[in-house]
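Try each task before you read the solution.

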Amino acid sequence: MKNALHHIKESTLDFLRSRFKKGQGLNEANEEMLHLSGISAFFPTKPDFLLFFDLLSPRPKVAETIARREYGDFQTPHNLSKTVCGILEELSPNILIEPTFGKGSFIVSAIETFPTLQQIHGVEIHEPYCWHTKFSILELFVERPTLTRPSIYLHCADVFKFDFHKLGKALDRDSILVLGNPPWVTNSELSTLKSTNLPTKSNFKSHNGLDAITGKGNFDIGEYIILMMLDAFAHRIGSLAMLAKNSVIKNVLQDLPKTNHPISNLAALKFDAKLYFNASVDASLFRCDFGSRKAGQGELACKVSTIESPQSIESQFGWVDNKFVSDIVAYQDSHSFDGFSPFVWRQGVKHDCSRILELDLVDGIYKNGFNDDIDIEDDLVFPLVKSSDVQNSPLSTPRKFVIVTQKKVGEDTTYIAERFPHLNRYLSDNLKFLSERKSSIYSRKSEYAIFGIGEYSFKPYKVAISGLYKKPCFSLVPPYNGKPTMLDDTCYFLGFDDQSQSVIALLILNSEPAQKLLRSLTFLDSKRPYTKDILMRIDVFKVAKHLGFDNVSRLAAQLPGSILHLLTREKWDEFLASCERASQVKPQYALFEQPTTLPTGNVSQTV
Ligand SMILES: C[S@@+](CC[C@H](N)C(=O)[O-])C[C@H]1O[C@@H](n2cnc3c(N)ncnc32)[C@H](O)[C@@H]1O
């Protein structure tokens, strides 16, 4: 309360001093506040009222509260909540729901914008913010007494424990607007912070235990809250409008066929999150209407514009013929290549211990991340290519090397002590760093365990792409000094035994039809635009047949002379035949293929 009063103007405090007396009872004080602000039970207890009375004079001076990372705390500035409410003006809602109202920016702007409001229901966990909001609303009505005064119910409570379904049922016939800006924090950040600010169903995104391990179970708290709101209100009359990261909006839409919420008129209005929140993330105002979803694709699409020009639609993403795409118009031209890759895309090696397992070769001597000279047997040291290297094709000398302790996931590593004593001493001397690895995938595994490793990792000729870069640039990754080159876990690759096959795959993947398909499928504002799931959708066989040998030969002209000769009619026919054979085993792949993506490692999902 001290902080909240600190933000109130002196003139408002004077006004309040004139309206309250020390000996007043709690009911009388709350009646007066209801009359002034519309807020029910303004003072929950008598001590709250007595504190308020004490604080009215002299004026308190209290510092702002400390950072509240685990609460995803990014308070909306008034100019943004005002702009958003202006955009929604024609909705004329009767009921406003703000599930995490914070300092009340949206509630205040809604009162200013919607004279039709009869009730406001808000929830916020942080008590100082509840007081802040109460006094901001009070001040608004003191300054602008002619504004319509709805009944306001502000709950200082945990949104995950609040019964919104009960509220939804009670608001059967009213026009509802769910408005706000839910917390910007992910469940994995909360687990790093050892925070319990999570819904009880904290693995709600996981399809199975494996997804939880591989990072697919990672989700934004804001996404969970938007889904909670849709669960409680989407069958009623009204709309939802909430600020969210673009990745959250994408997920809500992608899961819509599963969640089956009856919503329509979906839109994402981009805004500058750096400007308003000093957050380096792509974010938008997500809005939709409740209560209807007509059959047909149009209803599963989201229009993209900006809060400055809501009517100028830049693009649309969503579902087309049961496929999820990032650009519906661009997809019309390339949908015929959206299918199933005949070859299995793989993610590179994951080890989460680069200081020990990644080496530089300086004047013929290996050095680790501490710049120590490392004298080990060469057998398990392989050339390594990272995301930043996968931009030029073909790659020549590797910048790094990696110690590959296993040939497949889960392999017993006791053989290292028997066969490679120097390496074993190096690893056991640095066990501390290996056993410090945080991800749960390393628990109950060999201390030397790595992931993203299998027979495929040792294929000599690879075609690779960085999952992190915006441009879908595929590169050839040849072996180095007779050893297959490994990729790190930010990269994806296809592996081949025959160099010609890798060259043909490269030309097809870098061709316009494949590139156009990728452009229509990928969301460039995500941390990792290219994933195994996306790459597996490129039907390389269809693109190859569409292009034909002559066109591919023309594309090959850009390749260095040393590999140009590898593209022959005979090799082309072999490639098509291997695509055909691989396509026939597709059903087995679909049934038995292992995790589609590995954990994102140090590519954290921070705001
Ligand atoms: C991104 S801020 C936005 C606040 C406000 N909606 C606005 O637009 O300014 C998120 C708010 O969620 C609140 N919050 C976080 N976890 C919560 C929980 N479990 N229950 C209720 N509120 C919560 C935080 O305290 C914070 O005020």
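Predicted model: local features only at pLDDT ≥ 70, side-chain atom pairs only at ≥ 80, totals over all residues.

Residues are numbered from 1 along each chain as its sequence is written, and side-chain values use heavy atoms, with hydrogens and water left out.

**Exercise 1.** Find which residues come nearest the ligand.

Solution. Start with the shell, meaning residues with a heavy atom within 4 Å. It holds 24 residues, and Thr76, Glu98, Thr100, Glu124 and Asn197 come nearest. Next, sort the shell by type: twelve nonpolar, seven polar and five charged.

**Exercise 2.** Work out what lies across from the ligand's nitrogen atoms in its polar contacts (N or O pairs within 3.5 Å).

Solution. Take the side chains to begin with: a polar atom of glutamate 98 is 2.8 Å from a ligand nitrogen, and an N or O atom of asparagine 197 also sits 2.8 Å from one. Then check the backbone, where a polar atom of asparagine 181 lies 3.5 Å from a ligand nitrogen.

**Exercise 3.** Describe the largest cavity.

Solution. Cavities are sets of points on a 1 Å grid over the protein atoms alone where a 1.4 Å probe fits but cannot get out; lining residues have an atom within 4 Å of a point. The largest cavity has a volume of about 310 Å³, and the ligand takes up that space. Its lining counts 28 residues, with Thr100, Gly102, Glu124, Asn181 and Pro183 nearest the centre. Finally, α6 (105–113) and β2 (119–124) each supply at least two lining residues.

Technical notes:
Polar contact = N/O pair within 3.5 Å; in protein donor to acceptor, adjacent residues only side chain to side chain. 1 Å grid on protein atoms, 1.4 Å probe; cavity = no way out; pocket = protein on both sides within 12 Å on 5 of 7 lines; lining within 4 Å. Sits in = over half its atoms within 2 Å of the grid points. Nonpolar A, V, L, I, M, F, W, Y, C, P; charged D, E, K, R; others polar. Points joined across faces, edges and corners; volume = space filled by probe spheres on them. Helix = DSSP H or I, 4+ residues; strand = E, 2+ residues; numbered from the N terminus.
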